[in-house]
Amino acid sequence: MDTPFVKRVYRTPRQHIAYLRFVLESYDGLAFIRTLDNRQALVEIAYPPSRRLDAEALLTALGRELPLEEQDPAIAADYPPL
C-alpha cells in the first residue's frame with residue numbers, strides 16, 4: 001500500500017522543535033510533524049503530495065531561519081507509526 005503522504009526526516013536542535021511544530025501547525029493541513037526522538041532531536045514531517053510545492057517552499061524558508069538537517073527517511077522505520 002502506498003503512503004498518502006510524502007515523509008521527510010530532519011535533525012534540528014531540540015530547542016527549535018516546539019517552534020517548528022508551531023509554524024507547521026499554523027498552516028492548517030499543509031504539513032504534519034511528529035517527534036521521532038527528542039534526545040537526538042529527530043522529527044518527521046509529512047505532507048500530502050498535492051501540497052508538495054507549498055510544503056517544500058515552507059520547509060526551505062524554515063531552513064533559512066533555523067538549522068534543519070535532512071536525514072535518511074529510513075530512520076523513521078525504527079520508530080513505530082502513529
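A residue is called buried when its relative accessible area is under 20%, exposed when it is over 50%, and partly exposed in between, with a 1.4 Å probe and protein chains only. By this rule Arg 21 is partly exposed, because its relative accessible area is 26%. The model is predicted: local features need pLDDT of at least 70, side-chain atom pairs count only at pLDDT 80 or more, and totals for chains, interfaces and linings use all residues. Residues are numbered from 1 along each chain as its sequence is written, and side-chain values use heavy atoms, with hydrogens and water left out.

**Overall fold**

- The chain holds two helices and four strands, arranged from the N terminus in the order β-α-β-β-α-β.
- Helices (H or I, at least four residues) and strands (E, at least two) are DSSP runs, numbered from the N terminus.
- The radius of gyration of the chain is 12 Å, which agrees with the value near 12 Å for a compact globule of 82 residues; the radius is taken over C-alpha atoms, and the globule rule is 2.2 Å times the number of residues to the power 0.38.
- Along the principal axes, the C-alpha trace spans about 30 × 30 × 20 Å.

**Burial, contacts and surface**

- Buried residues make up 39% of the 82 residues in the chain.
- Of the contacts (heavy atoms within 4.5 Å) between residues at least 6 apart in sequence, 70% join residues at least 24 apart.
- The chain has an accessible surface of about 5400 Å², and carbon and sulfur atoms account for 53% of this area; the areas come from the Shrake-Rupley method with a 1.4 Å probe, and for residues only the protein chains shown count as cover.

**Helix α1**

- Helix α1 covers residues 17–26, and Ile 17, Leu 20, Val 23 and Leu 24 are buried in it.
- These buried residues line one face of the helix, because they fall within an arc of 130° when seen down the axis of α1; the arc is that of the directions from the helix axis to the C-beta atoms.
- An α-helix has 3.6 residues a turn, so residues three or four places apart point the same way.
- The buried residues of α1 pack against β2 (32–37), β3 (42–47) and α2 (52–65).
- Ala 18 and Phe 22 are exposed on the other side of α1.

**Arg 21**

- Arg 21 lies in helix α1.
- Beyond its neighbours within four places in sequence, Arg 21 is in contact with Ile 33, Arg 34 and Thr 35.
- Arg 21 and Ile 45 are 24 residues apart along the chain, and their C-alpha atoms are separated by 9.5 Å.
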